[in-house]
Amino acid sequence: MTNTAKKCLWVLAAIAVVVTMAVAAQQKKKRETPVTAISYHMNTMVEYRLYGKQAQQAYQAIEAELQGLEDAFSMHLPESEISRLNAAAGGAPVEVSAQVMQLLQACVRYGEESDGAFDVTVAPLVEEWGIQTDHAHVPSQDRIDALLSLVDYRSLCLKESDGVYTAQLPHAGQAVDLGGIVKGYACTIAREIAENYKVTGGYVSIGGNIMTIGSTPQGRPFRFGLRDPRGSANDFIGVFEIPGETIATSGDYERYFEQDGVRYHHILNPATGYPADGGLLSVSVISPDGAYADYMSTRLFIMGREYALKNLNNFNCGLVLIDQQRRVYVSDNMKERFTPDDPTGTYRFEETA
C-alpha cells in the first residue's frame, strides 16, 4: 500500500471517529433534553420534567392514569365511584374498584392512627364552607353542629366478598372527600409508571405535591424551594433536596377566604368543624410514599404545633414545620437536605425543637 493510500485511510478513520463522536454527543444531548409539560387534573395544575429515552411515553401513560384517577375519585364528577358512593349515602352498598377500595381502606387506617384528626368523611363540612368556590362563607354554629354528626370515618363500611368490593355510608347526608390524600397517592402511581418506562430522572408536581425520580443529567438531586407562607407564589425561605421521594405540604395560604378581617383556610378540623388553628402556617412531609406524605402533612397541620414538635423525629418521614411566629423546625433526617434561604430575614430557623 502506498503512503498516499495509507494517509487516505488515516484521514477516513479520523473522520469516522469524529462522526461517531458527533453522533454520540447528539444522542447524549437528545437523551438529556427533558420532556416538559403542564396539564390540569384533579382540580389542580400538573407539571412534568422527565428525562430518558422513553420519557414521552412515560408522560403519556401518567397523563392517562391521572385522568383515570380523577374519573374514579373526584367528588365533582357525577359518574365517579366516589360520587356514586356519596349519592347512595343512607342506602345500599356501592360496588367499587380494587383501587378505590385500597385508598378508602388506607383512609380508615389513617383515621384510626390519627385519632380522627384525618377523617375522610369530613366532606359535608367541606361542601358547606365552600372554600375556593363562589359561595365561600362561615356557616352558623347550628349548621356546623348538624354536619359534625355526619363526620365519623368509623362508620364507613368496607367489605370484600369473592373479589367484589363494596363501600357504604350508613347515614343520609354523609360523604367522603379524598382530597387530602389522592394527590400524594397519584405521585406514587406516577413514580411507578416512570420507573416502568426507565425514566432516568425528573419530577411530577401535582398541586404542590412533588414526586422526584433519579437525578439531574449532571447527577445531582433535584432541588425545590419551600414556599414562604406569607409571601407570593415565587417567594421561598429554603431549599429541599428530595432524591427519589415525594414532598407534600399543607398550609393556610393557598385556599382561603377572608371575612370580617379573619382568614379561613380549607384544612378543616373534624373535631370542631372549623379551619384548623393549631399554631402552624405550614407542614412539609418528605417520604417515598406519596399518600403517606399527603396524609401526614394534613394530620400534623390539624393536630398542631405542640404535637408536631413533640414528635418531630418520631415518624418515618422528613418534616419541616413553620409556626405562626415564623419559626422553622427541621427534623434531624432532613437537616443535611434542607438549606435555609430567607431573603426577607423574617423567619427564625431553630436548631432544636
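**Legends to the close-up views**

**View 1. Glu113 is partly exposed, with a relative accessible area of 39%.** Partly exposed lies between buried (under 20% relative accessible area) and exposed (over 50%), with a 1.4 Å probe and protein chains only. The model is predicted, and local features need pLDDT of at least 70, while side-chain atom pairs count only at pLDDT 80 or more and totals for chains, interfaces and linings use all residues. Residues are numbered from 1 along each chain as its sequence is written, and side-chain values use heavy atoms, with hydrogens and water left out. Glu113 forms a salt bridge with Arg299, the closest N and O atoms being 3.4 Å apart, where a salt bridge is a side-chain nitrogen of Lys or Arg within 4 Å of a carboxyl oxygen of Asp or Glu. This pair joins distant parts of the chain, since Glu113 belongs to helix H4 and Arg299 to helix H8 (residues 290-303), 186 residues apart; helices are DSSP runs of H or I with at least four residues, strands are runs of E with at least two, and both are numbered from the N terminus.

**View 2. Helix H4 (residues 98-113) has 16 residues.** From its first C-alpha to its last, H4 reaches 22 Å, close to the 22 Å expected at 1.5 Å a residue, the expected span being 1.5 Å times one less than the number of residues. The buried residues of H4 are Val100, Met101, Leu103, Leu104, Ala106, Cys107, Val108, Tyr110 and Gly111. Asp115, which follows the helix, has a positive phi, near 55°.

**View 3. Arg305, Asp323 and Arg327 belong to one salt-bridge network.** Asp323 pairs with Arg327 in a salt bridge whose closest N and O atoms are 2.8 Å apart. Both residues of this pair are buried, Asp323 at a relative accessible area of 0% and Arg327 at 18% relative accessibility. Shared partners join the salt bridges of Arg305, Asp323 and Arg327 into the network. Elsewhere, the side chains of Asp332 and Lys335 meet in a salt bridge (3.3 Å, N to O), and Lys335 is partly exposed, with a relative accessible area of 37%. A search of the whole structure finds 11 salt bridges.

**View 4. Val204 is among the residues with the most contacts inside the largest nonpolar core.** That core has 74 residues and is a set of buried Ala, Val, Leu, Ile, Met, Phe, Trp, Tyr and Cys residues joined through side-chain atoms within 4.5 Å. Leaving aside neighbours within four places in sequence, Val204 is in contact (heavy atoms within 4.5 Å) with residues including Val46, Tyr48, Leu50, Cys187 and Met211. Another core, of 19 residues, lies apart from the largest one and includes Ile286, Val328, Val330 and Met334.

**View 5. Thr246 lies in strand S10 (residues 246-251).** Thr246 is buried, with a relative accessible area of 0%. Not counting residues up to four places away in sequence, Thr246 touches Cys187, Arg191, Ile210, Met211, Val285, Ile286, Ser287, Gly290 and Ala293.
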